[in-house]
Amino acid sequence: MKLKNQLYVVDAFTNEPFRGNPAAVMISDSPPNEDWMKSVSREMNLAETAFLYPIEGGYSLRWLTPTIEVDLCGHATLASAYVLWHLGRLEPNESARFSTRSGWLTCRQSEGWIEMDFPSLVPQALDAIGKIQEALSIPIRYAGYTGMDYLVEVDEEQTLTTFRPDHQRIATLPVRGCILTSRSNDPRYDFVSRFFAPAAGVPEDPVTGSAHCALAPYWSNQIQKTELVGFQASARGGVVRVRCHEDRVLLLGQAVLMSQVDLFH
């Protein structure tokens, strides 16, 4: 068998192994075959597998779940930047620049954290929430649309942490996924969240960077702060620091390299 490529599995939005959100990262010298990328993503069976190759000005970056390609992904972008620095393809003081479906995204290292410059996805309040209420069956304080997902604020943190999703019902909603959030009872965090995207092949995502592009402006407006700390209360859990600046959101996270995978064909 011939070695085709190497993938790196990185736990993102954590500084501890086996926490945060695992992403697979594959770096090629040229654009990989479409069918092969889909097969690799299904084989890895992680929330996202990132595929990147060098282009003028940076790297092309695409994100695939086991079933679809997505427009924006935070944890796999964080993992991609981490791998580029880890392999020495970028110097520590160099920024990682990625051309994506959501435009150019930039990452840089900042005092032990990786800072990602992402678009702000300000949710627009929804008047008709009957289908969302039916799918979730929990008290809803607010529901909005981010352009990709529904953002739903629930009445209290306990409602969020004890929520048992009906994935079949959530999958019927006409969006990528559903972000649940509430104020945090823990003074270390400003808000908590969970994210469900069963229609995209991700029943519950451990830590979702793209969701924080909406959570940041939403909670910034609620709390009247531009710098906040969020905790995604999945089984693995993860911390995302956010800063709001005009139409951008700076997401700050950490990462841990977990494994290297050899692909043969």
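**Serine 184 and the cysteines**

Biologist: Which backbone atom lies 3.0 Å from a polar side-chain atom of serine 184?
Modeller: The backbone nitrogen of aspartate 186. I'd call that a polar contact (N or O atoms within 3.5 Å, one able to donate a hydrogen and the other to accept it; sequence-adjacent residues count only if both atoms are side-chain atoms). This is a predicted model, with pLDDT of at least 70 needed for local features and 80 or more for side-chain atom pairs, while totals use all residues. Numbering starts from 1 along each chain, and side-chain values use heavy atoms, without hydrogens or water.

Biologist: Where is serine 184 placed?
Modeller: In the loop that links strand 12, residues 177-183, to strand 13, residues 191-197. Strands are DSSP E runs of at least two residues, numbered from the N terminus.

Biologist: Is serine 184 buried or exposed?
Modeller: Buried, as its relative accessible area is 15%; the cut-off is under 20%, with a 1.4 Å probe and protein chains only.

Biologist: And what is serine 184 in contact with, beyond four places in sequence?
Modeller: Glu157, Tyr189, Asp190, Phe191 and Val192, counting heavy atoms within 4.5 Å.

Biologist: Are cysteine 73 and cysteine 178 buried or exposed?
Modeller: Cysteine 73 is buried, with a relative accessible area of 3%, and cysteine 178 counts as buried at 0%.

Conventions:
Helix = DSSP H or I, 4+ residues; strand = E, 2+ residues; numbered from the N terminus. Buried < 20%, exposed > 50% of the residue type's maximum accessible area, 1.4 Å probe, protein only.
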